[in-house]
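Subject: Structure for you to look at

Hello,

Here is the structure I promised. Please open it first, then read my notes below.

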Amino acid sequence: MAIARQVLCLSAFLSLPHARSEPIRYSVAEEAESGSVVANVAEDAGLAPAQLADRRARLASEDGRQHFRLDRGTGRLVVAERLDREELCGQSGACTLSFELLLANPLQFFRVEVAVEDINDHSPVFPEERVAFTIPERSDPGSRFPLEGARDLDVGSNSIQAYSIAPENDYFSVSFGTRSKSTKYVELVLEKALDREEQAEVDFSLIAVDGGSPPRSGTTQIHIVVLDVNDNAPVFTQELYVGQVLENAPEGSVVLSVVATDGDVGVNGDISYQLSQAVGQSHSAFTIDPTSGEIKLTKPLDFEAAENHELSVRATDGGGLSAICKVLVEVVDVNDNAPELTVSSFNSPLPENALPGTVVALFTVRDRDAGANGKISCALEDQLSFSLRPAYKNYYELATVSALDREETARYILTVTAADAGSPPLTTTQTFTVDISDVNDNAPVFNQTSYTMYVRENNVPTVLVGAVSASDADVGPNAKVTYFLAPARPTEQPPCSCISVNAENGHVFVLRPLDYEQVRQIEVLVSASDAGSPPLSANVTVRLVVVDENDNAPLVLHPAQDGSPLSSELVPMSAEAGYLITKVVAVDTDSGQNSWLSYHLLRATDPGLFAVGAQSGEVRLRRPVTERDAVKQKLVVLVRDNGRPPLSSTAALSALLLRDFSDVRLPHSSLATEDEGGSLTTYLIISLVFVSLLFLASVAAFVAHKACKRKELKGGHVLYGAGNMQSGLADAAAAGTLPHAYCYEISLTTGSGNSEFKFLKPILPSLPPQHCATGRGTDDEQDFPRGPVTTEDMAPDKPGMLSAEQFNGLSFN
C-alpha cells in the first residue's frame with residue numbers, strides 16, 4: 001500500500017508543469033560592468049531568497065556560456081562578464097540572451113530572456129582609407145559617382161545617419177539614401193562642371209556620422225583626378241548577385257562570376273574588377289579575377305561562424321569610370337559538428353539512502369548544425385538502477401529508479417549517447433561516474449602542524465601569499481573541505497580583517513597593503529570543516545610575516561631642510577686638509593640594508609675643495625683653502641639608502657671661508673647681496689626712481705600751496721622773531737631734542753604785548769628741518785587764527801595749543 005502511494009505521488013509530481021509559460025524578460029545595456037545588477041529574478045519568479053539555496057537554484061543556457069550569474073543570497077541576477085552585443089548577435093536588430101532558472105527538489109524551471117540593448121560603442125569605418133576617382137572634365141553637373149559606404153557595427157539609431165564633405169567645395173556634394181530591398185547607397189554628386197586646365201585634382205574628406213549620443217564618425221579621403229572624356233561607365237548585369245557554397249568546399253572553388261559591360265571602346269571599355277568585403281568580416285576568404293570577374297574561395301568557410309558573406313565588387317573601365325554591385329554568398333550547412341553535451345548539474349557521490357527519483361545529473365544537448373543535422377536524440381545504456389528522462393526542451397535528467405545499496409555497489413558508471421539525424425549521423429558520449437557515499441566519521445587533517453607565510457609590505461590588495469590544505473578520509477560530501485578564519489577562542493573578537501582565506505582551495509590572501517613599520521607579524525587561526533552532518537573540523541595556526549620594502553627615503557635631521565634660510569658653517573682660511581666643517585645626520589625608518597645610508601657630494605661651488613665621508617656623513621676639507629677659493633661655498637650632499645631600488649634625499653648647506661671670525665659680518669652682507677641676484681637690484685632701482693619722482697612732486701605741490709596761502713595773509717599781521725625762532729627750532733631739531741622736525745609759526749596782532757603763540761602739526765615729517773622752518777600744511781589751516789590770538793585761544797583745554805606759561809618753560813638750546 002505504501003509503495004502504491006509513492007508511485008501515485010511521483011506520477012502527480014511529473015505531471016506538474018516544470019516552467020511558467022511566459023518567460024521573464026529583462027533588458028541590460030551592452031558593455032555593462034561585471035557584477036552589474038539586472039533585476040531581482042527571485043522576486044519576479046515569486047521565490048523567497050532562502051528557497052534559492054535550499055533548492056540549489058542555478059542558471060543554465062543552451063550554449064553553456066554563463067553571461068549572467070545568480071546571487072543566491074539576494075535573488076539578484078547580475079552580469080557575470082562584459083557583454084558585447086556585436087559579438088553576441090552581430091548586426092541583428094534585436095539581441096536576446098535566453099537561459100533557464102533551474103530549481104531542484106522539486107524540479108522547476110523559469111525561462112528568462114535578457115535583451116542586450118545597443119550602445120554607441122563603434123565608430124563608422126570605411127572599407128578604404130583613401131578612394132581615388134578619375135572623372136572626365138566634361139562630365140555633366142548632376143553626375144553621380146557611387147562610393148563604398150561606411151559600416152557601423154551598431155544598429156538602430158546608433159548606425160550611420162548622415163554623410164558630409166569637409167572641407168566643402170563647389171564641385172561635389174554627397175547623396176545618401178536607401179533604394180529597393182533596403183539597399184543603402186552613397187554617391188558623390190557633381191555640382192559644377194570640372195575644368196582640368198583650371199584644377200587637375202580635387203581632394204576632400206568624406207565623413208560618416210552615426211546617430212549616437214555623443215555621435216561617432218569615420219572618415220575616408222577622396223582624391224579626384226580630372227581626365228578627358230569617358231562618357232560610359234561600366235554597368236553590371238545585376239545589382240545583386242547571390243551564390244551558394246558548401247561550407248566544406250575546398251580552397252579555389254568558384255563561387256560565382258560577376259559581369260559588367262561598358263559601351264566605350266578601346267582603353268575606356270576595358271573593365272577590371274576589384275573586391276571589397278564588409279567591415280567585420282574576413283577579407284581573406286574570397287578573391288576575384290580582375291579580368292573575368294570570377295569570385296573564388298581562398299580558404300574553407302564555416303557555416304557556424306557566418307551563414308552568409310556580403311561582398312562589394314567594383315568594375316572600373318580604362319577611363320576611370322566605375323560601378324559597384326553587391327554579392328551575397330550563402331554558406332550551405334553540412335553535418336560537420338557532433339552534438340555537444342553540457343552538464344549543468346551533477347550530484348556525486350549520492351548517499352546510499354537516497355530516495356528513488358533523486359536527480360543525479362542535469363545536462364543539455366545542442367548541435368551547431370541546422371535542419372536535420374541539428375536534431376538530437378539521447379539514450380542511456382542498459383542500467384537497472386538509473387533512467388534518462390526529458391526535462392524541458394533540450395534538457396535531460398539522469399535519476400535513480402530504485403533504492404541504492406553501497407555495500408552491494410559502491411560506484412556506478414553511466415554512459416549517455418547523443419546522436420544527430422545527419423547522414424551519416426555524428427554522436428557524442430558522456431560518462432557519469434556516480435559514487436555512493438558513506439557516513440561522516442573522519443575530521444579534516446591539515447598537511448602541516450602550522451604555516452608560516454611571507455608578504456612584502458606595500459603589497460597590492462588581494463595578493464596571494466600561500467595556501468593551507470586539509471584532507472578528509474571520507475568520501476562524497478563528507479570529504480568536501482571548506483576553509484574559514486576563526487577566533488583563537490570562542491569568546492575572542494573576529495580575526496584580522498586584512499587576511500582572507502578562499503573557502504574552496506584554502507588560498508590565503510592579504511586584502512589590503514601592510515606597513516612593516518606598523519605591523520611585522522600577524523597570527524590567525526584557520527579552520528577546515530567538512531560538509532558532513534554534523535560537520536567535523538580542525539584548526540591550524542597561520543603566521544604571516546611582513547617583509548620590509550625600501551619605501552622610506554632617508555630623512556635629513558641636520559642641517560635642517562625645513563625651508564628656512566640656511567645657516568653657514570665658518571671655515572678659517574688657515575684650515576688644513578681634513579678639517580671637519582660639519583656633519584650631515586640622516587635616518588631611515590626602514591630596516592636591514594634598506595636603512596644603510598651612504599653620503600655623497602652631489603654639487604659644490606668648488607667640488608675639489610670638499611670631501612664627504614660615505615658612511616659618517618662628515619664634510620671635510622679635501623685640500624687647504626687658497627686665496628682663489630670663493631668666500632661663500634654652497635654644497636649639496638646626497639643621502640642614499642641601500643635598498644633596491646635605492647631612495648635618496650639631499651641636504652643643502654653653505655660654508656664661509658674667513659681669515660678671521662671677527663669678519664663674519666662682511667660675508668653675511670655680501671651673501672645677502674649675492675643671494676638676491678640681479679632681479680633684486682632691478683627692483684631697487686625702479687623703487688628708488690619712483691620714490692624720487694613722488695618726492696619731487698610733493699615738494700612742488702607744497703611750495704605752490706604755501707605761496708598761495710601767503711598772499712591771503714592780512715597786512716596787519718606781523719611775524720616777530722621769526723628768524724631767531726626758526727633758527728632755534730632748527731638747531732633744536734638738529735640737536736635731537738625734538739623727535740621730528742616741526743614747523744612753528746607765530747602770529748601776533750599789532751601792539752600786542754602777549755607772547756602767546758601756538759604749535760602747529762608737523763607739515764612733512766620726512767623733510768629736513770631747514771625746509772620746515774617756515775612751511776605750513778593745509779591740514780593745519782583750521783588751527784591758524786584769522787584774528788588776534790587771545791589768551792583763550794591758548795587755553796590748555798584746547799588740543800594742540802600751548803599757554804604762555806608752557807611756552808616760557810620750553811627750552812630751545
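Four strands make an open sheet with mixed pairing, in the order β25-β31-β30-β27. Its edge strands, β25 (350-351) and β27 (376-380), each pair on one side only. Strands here are DSSP runs of E of at least two residues, helices are runs of H or I of at least four, and both are numbered from the N terminus. Two strands pair if DSSP finds at least two bridges between them. β30 (residues 411-420) and β31 (residues 427-437) are antiparallel over nine bridges. R411 sits opposite D435 in β31.

This is a predicted model: local features need pLDDT of at least 70, side-chain atom pairs count only at pLDDT 80 or more, and totals for chains, interfaces and linings use all residues. Residues are numbered from 1 along each chain as its sequence is written, and side-chain values use heavy atoms, leaving out hydrogens and water.

Now the cores. A nonpolar core is a set of buried (under 20% relative accessible area, 1.4 Å probe, protein chains only) Ala, Val, Leu, Ile, Met, Phe, Trp, Tyr and Cys residues joined through side-chain atoms within 4.5 Å. The largest has 28 residues. Y26, F68, L77 and L101 have the most contacts inside it. Elements supplying at least two residues each include β1 (24-29), β4 (68-71) and β7 (108-117). A second, separate core has 26 residues, among them C498, I499, V510 and L544.

What does L101 touch, beyond its neighbours within four places in sequence? Its contacts (heavy atoms within 4.5 Å) include V41, L59, L70, F109 and V112.

Best wishes

Note on methods:
Buried means under 20% relative accessible area, exposed over 50%, partly exposed in between (1.4 Å probe, protein chains only).
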